[in-house]
Amino acid sequence: MSSGGGDGFSGSSDSSLSSEATARRVALSELLGHIHGYYKAALDRLPVEDMPVTIPRLLDAGVCFGLLDPVSNIVANTFCACEPSPETRSGRKRKREEDSSDSEAAAAGWQEGATRRRDEVMSEITTDASCISYLPPMLSEVSPEDRRTVAQRSLEGLVTFLVCYFRHLPVLEALQYLCLAKADLLAAVHLIECSRGMGGALSPISSPTMEIALRCAAMAASHPEPAIFTAKSLLLASRLEQLSQTLGTERCLSLDAINELHKLLDEPIEQPAESPKPVRHAALRLNRYIRGTNTLIKCSLEFTDTLRTLLLEKIHVLYLKAIARIPSDALRSRHHRGLVKAGLCFGPVDDPVSNIILNTIWYDTAFPPHEELEMDVIGTKSLMRIECHSLNGLLAFLRKFFPALSEHDATQYLFRSNASLKDAVFRAMENHDISSSYEDAYKAAAEASYHPHPEAQAEFAMSTFPKLLPILESSQGVSRTLTSSEVNLISNYFSQKSYPGKPAQSSVPKLDPKTADIVSRSKRMFMADQYFISRKVKVALQRYAEEKGADYELHVICGTNFNVPENGRHGYLPNRKGYPYAHVNFLARPKGLHDTAPTLFFLECSNGEDDLERQSLCCTVLESPTDSGRCFHCEYRGNKIIHPARGAYRGRESDFQEMACGKRGIDSVELVGFGKMAIEFVGILGEDDSVYFDPTMDSEFAQRMNDIVREQEEEYEEMQREVRADLARQWEVEEEEDEEEEEEEEEEEEEEEEETETGSETETETEEEDEEKEKERACEELPTEALAVISREEEVS
């Protein structure tokens, strides 16, 4: 996922990678230019001549991010790490003030020395964009010899804060937001919240997510005391009015101002900074940066992928509201199927939530299931899939209705309209001409949303139901759950209508024996998981009732993630799904109040099979994902589990801190990328779809499952053939080696025999030679007459 540049830019071609790398370089250079300017301004305020200790403290801990403006952040962070000197405590005047009356030459010399000293300090601060490789930084790869200036570390901290504070924020987008906000952290936060539709009210900054992000930023910037930095930042933000009087000057700080600053820093934090004033000040600065409030309000997201992901979060909230309005007995006994298979958020009425309800009830009425199933759990991935299908259908409708409309603009209209098709059409009509009929647009939407019966869905979407509107509007107005009788009334009304029917049963392929076995086994696994997590939830509700004094009954479980590790490290095989913990969302209401809309709960529980009593957390949470806490593990899995804004749970803090320092195997790019893939690419679901498999209708599932099993069998056979071929080749090699060894042994034996024979011949020759030599010596010893006689005898013989 990651590229050499460290930010993991993704693209479909080399040109897109190159353009993103260029955009990254330009953004880094621009941001460093702003940051260098802030340090020049901060040096004019810091008494570096009279308090030389401020220089090393500035270079070490004087980062430009925090909850004030960048220059004030630098000054405050420097003094947070700097103890007041004895001269400061006693209130003595600066030496330069005493000496300046001596002569103008002395004053000029002092000024020249001060300027030179500031230039020297700036030379230690200035950074080139080429020095920044990874964002957030990979501190494990930074050696002590590497020089990371305070400007570089400030930029790394700025980016780290944003990617740890906001979900689904790629690094490149964070850089571009920072450029618009001129490297002003809180201004960038306000800009992103406005562009994401979260900035309608100026909220306080005391959220735990803010605190965690500040700590992550400090760790990424190699701040010597990240915890103290975070605490002091929140303290200073809560004392903004007093601090503005102290740091508001553009001149060098007086000793009195420094003393006042240290007094503020020494005050204990009695309560979090609840005031929205820091955000209000940041909003004013942002308006100056981007020239005008109108520009801020109209500031749009230019990143289509991120915009789509954020829109899916909004759509998820709509589905939770729809689930809460369907009575639990009807939902859990029947309509869970219609919800996950065909509960689209567009249709015959204007309200997306009402459309989800109507589509759900209509589908189960027009195409009833072949068997009834009692369910406590709405499949998490099935819910994600129908949400994606709804979005695809909405986009297809708009682009069919307005052919000149781009995908980005269509997504933008839906985002601003909270997925209301009616409102999105009205917005698009301001700039585009209609070039299609509603009928064709709904057909395109039904096809794009992979509805099981697209023709029937398009016809249903074009229908009008005046008798049903009062029922839906009454439940929506007071935020109550429909009654069972109201659901039956709606179902009976639909049963009197006719729509294109089921496909012929003969057109549905029969499951192969192995496929049928897999489907049956998958269904059993889903039901076992449901039984397991349902028991956990009911135990949690009992404990919640004991603690709060109010009995709650389960409406339905609407989100699960079984893959929550301990300390972000690893799973444990004895636990369910191999991980020790699970995160769960479920809806529950006070017992006996069946018409009351249920409340959304979050639960973290043990995955141990026999450990029902081991619960970590159970608390009420808000419905809006924008008000919830982050979870590293659920985001990585793409699960839209809504977590509490406050409170501790696994995946909230330590994992983001490790990511901020580059100590995890997953960086911010992979966290965003893998989460997006898990959300978007949900196709055939083995367990979920097996539960709802209808052999009379689900031809696509049957065909796909048969194909998958056949492909696996072919792959297995191919693997077996390869294994057999490898074994055959190995046997041939071994036989050849054995033959070679035998030949070598035979050759060695022959060589030994030859050597033995050669040795015998050599011995015989040696003996003959010895005999000849003996004869020669004997002849030498005989007299001359004897030699003559012997010679004649030899000639005669």
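Ser222 is partly exposed, with a relative accessible area of 31%. Partly exposed sits between two cut-offs: buried means under 20% relative accessible area and exposed means over 50%, using a 1.4 Å probe and protein chains only. The model is predicted, so local features need pLDDT of at least 70 and side-chain atom pairs count only at pLDDT 80 or more, while totals for chains, interfaces and linings use all residues. Residues are numbered from 1 along each chain as its sequence is written, and side-chain values use heavy atoms, with hydrogens and water left out.

Stay with Ser222. Its phi is near 55 degrees, a positive value in a residue other than glycine. Most residues other than glycine have a negative phi. Ser222 lies in the loop between helix 10 (208-220) and helix 11 (226-238). Helices are DSSP runs of H or I with at least four residues, numbered from the N terminus.

Now step back to helix 10. This helix has 13 residues. From first C-alpha to last it reaches 18 Å, close to the 18 Å expected at 1.5 Å a residue. The expected span is 1.5 Å times one less than the number of residues. Eleven of the 13 residues are buried, so helix 10 is largely enclosed by the rest of the structure. Among the buried ones are Met210, Ile212, Leu214 and Arg215. What do the buried residues of helix 10 pack against? They pack against helix 7, helix 9 (185-195), helix 11 and helix 28 (654-660). Contact here means heavy atoms within 4.5 Å.

Helix 13 covers residues 255-266. Its twelve residues should span 16 Å at 1.5 Å a residue, and its end C-alpha atoms are 16 Å apart, which agrees. Its buried residues include Leu255, Ile258, Leu261 and His262.

Next come some loops. Asn418 has a positive phi of about 55 degrees, although it is not a glycine. Asn418 is in the loop between helix 20 (407-416) and helix 21 (421-429). Its relative accessibility is 36%, so Asn418 counts as partly exposed.

Is Asp351 buried or exposed? At 18% relative accessibility, Asp351 counts as buried. It lies in the loop between helix 17 (328-342) and helix 18 (352-366). A polar contact of 2.8 Å joins the side chains of Asp351 and Ser354. A polar contact is a pair of N or O atoms within 3.5 Å; within protein, one must be able to donate a hydrogen and the other to accept it, and residues adjacent in sequence count only if both atoms are side-chain atoms.

Last, look at Pro136. A cis peptide bond joins Leu135 and Pro136, with omega about -10 degrees. Most peptide bonds are trans. Pro136 is in the loop between helix 6 (104-125) and helix 7 (150-165).

Key
Helices (H or I, at least four residues) and strands (E, at least two) are DSSP runs, numbered from the N terminus.
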